[in-house]
Amino acid sequence: MYASRIDLSADIRETSVARLQARLFDALDLEAQLKQAHWNVKGRDFFQLHELFDAIHGEIEAFVDTLAERVTALGGVADGRVSATATGTGLPTYPLDARAGEAHLRAVAAALVAFGAAVRANIDDATRAGDADTADVFTELSRETDKQLWFVEAHLQAD
Ligand SMILES: [Fe+2]
C-alpha cells in the first residue's frame, strides 16, 4: 500500500483494496468468459448472440477499469495479471464444450449471477467498513450486472 493524503485510514483503505481486488479478478475472468461466448456460440441465433455477448464484454471491460482504478486511488497496487487472475477468480469455469446459444446463455448467466452476488455483498461490507465511495462503486457495478443478466435471461424466460 502507498501512503496517501486521502482522508480514509490505512485500515479502511486496505480492507477496501482487498475487496476490490477480489472483484477485479472476477471481472477479468468474466470479461474473458464473455469473449469465449462471443467467439464460440453456434446455431440459429448466432449473430444476435455473438453481438450480445460482445456488448456485455464491453460493459465488463468498463467494470475492470473502474475496480482497478479504485484500488489505485486508495493507494493499492491493482493486480491484473492473468496468472493471478486464474487463481484469484471466484467464478465458475466456463464450459469449453458449450455449443448452442442456450448453453452459452446459461454459462454466461451463471457467471453474471456469481459476480453479481459477490459485488452486492460487498456493498454492505464497504458501507459497514466506512468507505461509502467504494460501496458506491460496488452499487454501480451491481446494478449494471443485474441489467446485463436481464439481457441474457430474457432469452431463457419465454418458455
Ligand atoms: Fe469480435
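Start with Arg 19, which counts as partly exposed because its relative accessibility is 22%; here buried means under 20% relative accessible area, exposed over 50%, and partly exposed in between, with a 1.4 Å probe and protein chains only. Before going on, please note that this is a predicted model, in which local features need pLDDT of at least 70 and side-chain atom pairs count only at pLDDT 80 or more, while totals for chains, interfaces and linings use all residues. Residues are numbered from 1 along each chain as its sequence is written, and side-chain values use heavy atoms, with hydrogens and water left out.

You will find Arg 19 in helix α1 (residues 10-40); helices are DSSP runs of H or I with at least four residues, strands are runs of E with at least two, and both are numbered from the N terminus. Setting aside residues up to four places away in sequence, Arg 19 touches Asn 122, Asp 125, Ala 126, Ala 129 and Phe 138, where contact means heavy atoms within 4.5 Å. Leu 67 is 48 residues from Arg 19 along the chain, and their C-alpha atoms are separated by 9.7 Å.

Now turn to α2 and α5. The axes of helix α2 (residues 46-73) and α5 come within 11 Å and cross at roughly 170°; axes are lines fitted to C-alpha atoms, for helices over the stretch in contact, with angles from 0 to 180 degrees between N-to-C directions. That makes α2 roughly antiparallel to α5, a label for angles over 145 degrees, with those under 35 roughly parallel, 65 to 115 roughly perpendicular and the rest oblique. By class, this contact of α2 with α5 has nine nonpolar, four polar and four charged residues. Nonpolar covers Ala, Val, Leu, Ile, Met, Phe, Trp, Tyr, Cys and Pro, charged covers Asp, Glu, Lys and Arg, and the others, Gly among them, are polar.

What about α4 and α5? The axes of helix α4 (residues 101-129) and α5 come within 8 Å and cross at roughly 160°. These two helices are therefore roughly antiparallel to each other. Their contact has 14 nonpolar, eight polar and two charged residues.

Within helix α5 (residues 132-153) sits Ser 142, which counts as buried at 4% relative accessibility. Leaving out residues up to four places away in sequence, Ser 142 touches Val 119, Arg 120 and Ile 123.

Finally, Leu 156 lies in the segment after α5 and is partly exposed, with a relative accessible area of 23%.
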